[in-house]
Amino acid sequence: MKRTILSLTATAAALAAVTGVAAVAAPGGERAAAPAGGTWLPVQRSTLVCPAPSSSEVAETAYTAFSPPGAAAGADTRKGTAQLLPTGTVADSHGNPAGKGGKDAKGKGGKGGAADSGGPRTVPPPDTKPVVPLQQAGKPVVATTDSPGAPALAGSAEGVPAPGWTVQQTTAVAAGSGRGLQGLSCTAPDTQFWFPGVSTAAGRTDYVHLTNPDPAPAVVDLEMRGKDGPLTAGGGGEDITVPPHTTVPVLLSTLTGSPADGAALHVSVRSGRIGAAVQAADAKAGGDWLPPAADPSASVVLPGIPADATDVQLVAVAPGDSDADLTVQLATPTGLITPTGLDSLHVKSGMTTTVDLKDVTKGEAGSLVLTPADGTAGAPVTAALKVVRGKGDNQETAFIPATRPVETRGTVADNRAKGGTLTLVAPTKGKDAKVKVTASAGSGGGPPVSKTYTVKGGTSLAVPPPQPSGLKGAYALTVEPQPGSGPVHAARMLALPQGGVPAFTIQPLPDDRGSVLVPTAGQDLSLLTR
């Protein structure tokens with residue numbers, strides 16, 4: 001790596017513009033120790049994007065925005081703001097989202113975005129009013145919509161609300177393909193994303209939503225991999241232009257030559273940056289959002305498999321040049337166990353491997369832990385779980401991606417008075433995790449409350465989360481490892497049954513990366529990067 005020396009002034013100017021996603025972390029997700037003279041400071045600006053929630057006429061969406069309270073040392077104590085604004089949408093000449101169908105759906109997602117009598121065009125948002133504007137930390141703000149034309153959103157938080165700013169998008173779809181509960185923590189823009197668990201099989205309709213929050217175009221490549229290697233046909237996923245302040249939904253089946261289940265999607269950005277998420281709808285088993293998985297690494301943790309899961313499918317991908325041999329274990333409340341018949345897992349380089357774990361939890365909630373098999377170097381992998389609850393016509397699906405550990409703090413918004421389950425997993429034997437969990441004030445009333453949990457190393461703990469007394473509205477949960485704690489990963493399940501359908505959604509709580517390491521004047525920046 002080229003070693004570059006910058007002054008503190010130049011460094012601070014550059015770092016002040018980045019989001020929490022750019023906070024420096026060491027390999028494996030542990031927070032980097034500050035070099036002599038370096039200082040961790042709260043980010044001053046965060047950016048998030050939320051994809052268009054649903055085109056269903058029988059869908060209702062709630063947006064819940066939140067920022068944790070408490071100004072850390074070095075924080076800008078001036079008042080700040082946080083808000084999302086509607087974006088435009090690239091559509092074909094028939095008004096369909098890119099790749100949705102019709103003679104213009106080529107899978108290229110609206111290259112260029114200019115109005116054209118036969119090609120894709122950009123449809124402006126229905127209005128430009130801010131959504132869930134947040135002016136103070138510590139109390140959530142909620143907005144709702146039942147419009148089938150609700151657009152994607154993009155925006156930023158500046159000043160006090162910026163560190164840890166979180167927006168949850170929760171959609172209840174009453175009927176049709178993908179019916180059930182669809183939830184997503186709106187994503188920070190980046191340049192690389194992995195989505196193991198996508199599918200183009202019969203009965204599945206998967207879209208990747210690419211949203212550009214910036215004033216310059218972004219250029220994106222999409223690549224799909226399956227059990228035999230690359231699936232993307234004829235370069236259909238290359239050179240997709242996402243215009244400024246615009247979203248491009250791409251139907252994944254337009255990228256492949258034949259149907260494929262248990263696939264992985266790789267999104268890479270040539271120029272600019274985007275937010276990305278996959279909306280997966282199943283004709284029989286509901287659907288949900290599949291968020292990006294943690295970056296490939298030697299070990300993977302997938303937290304929060306429900307106790308009553310009726311079917312669990314693991315999809316792992318090894319994107320590097322080496323095969324991966326993995327030990328698969330289920331972290332239970334009492335320890336790590338090996339699922340029946342799955343002593344090891346081999347994932348070939350550049351390919352995916354799918355394993356049907358069936359009802360692996362057998363009435364006891366748990367989390368899946370993948371580690372390098374004994375004697376192996378640990379090739380990088382990433383993974384996701386498709387989780388099904390219910391049976392027959394009353395099945396519902398959610399996804400659990402590989403999740404980064406909570407290093408300093410992680411937050412999930414839109415918790416309700418009923419239906420919540422918080423999972424905390426300490427994946428390493430002998431390294432117990434001690435975690436403080438804070439329930440924020442309710443959006444309509446109820447004071448905040450905190451509770452501390454200890455999770456024994458090698459176990460997974462699933463509990464009803466704490467909530468404000470006299471709760472009115474929704475609230476946020478913030479997870480903070482305490483001094484001396486071992487590694488911990490977290491997820492939240494929200495279950496809101498719809499008649500006989502056990503509608504639910506699962507959101508991981510990775511570290512919010514609300515701080516950035518600022519070097520001293522003249523310090524070698526290569527010491528701050530990995």
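Trainee: What share of the contacts in the protein chain with a separation of 6 or more comes from residues 24 or more positions apart?

Mentor: In this predicted model, such residues account for 82% of those contacts. A contact here means heavy atoms within 4.5 Å.

Trainee: How many helices and strands does the protein chain have?

Mentor: There is one helix, and there are 38 strands.

Trainee: What makes strand β18 largely enclosed by the rest of the structure?

Mentor: Buried means under 20% relative accessible area. Seven of the nine residues in β18 (residues 263-271) are buried, so the strand counts as largely enclosed. As for the protein chain, 55% of its 530 residues count as buried.

Trainee: How do you know that β12 and β14 pair with β18?

Mentor: Pairing needs at least two bridges between two strands. Strand β12 (residues 192-198) has six bridges with β18, and strand β14 (residues 218-226) has seven. Both therefore meet the cut-off, and both pairings are antiparallel. As examples, Phe195 has Leu265 of β18 as its bridge partner, while Leu222 has Val267 of β18.

Trainee: Why are β30 and β33 called edge strands?

Mentor: Let's start with their sheet. Four strands form an open, antiparallel sheet in the order β30-β35-β32-β33. Strands β30 (410-415) and β33 (449-455) each pair on one side only, and that makes them the edges. Neighbouring strands of this sheet are turned by 20° against each other on average, direction ignored.

Trainee: What makes β30 and β35 a pair?

Mentor: Four bridges join β30 to β35 (residues 475-481), and at least two are needed. The strands therefore count as paired. One of the residues involved is Asn415, whose bridge partner in β35 is Tyr475.

Terms used. Residues are numbered from 1 along each chain as its sequence is written. This is a predicted model: local features need pLDDT of at least 70, side-chain atom pairs count only at pLDDT 80 or more; totals for chains, interfaces and linings use all residues. Side-chain values use heavy atoms; hydrogens and water are left out. Helices (H or I, at least four residues) and strands (E, at least two) are DSSP runs, numbered from the N terminus. Axes are lines fitted to C-alpha atoms, for helices over the stretch in contact, and angles run from 0 to 180 degrees between N-to-C directions. Buried means under 20% relative accessible area, exposed over 50%, partly exposed in between (1.4 Å probe, protein chains only).
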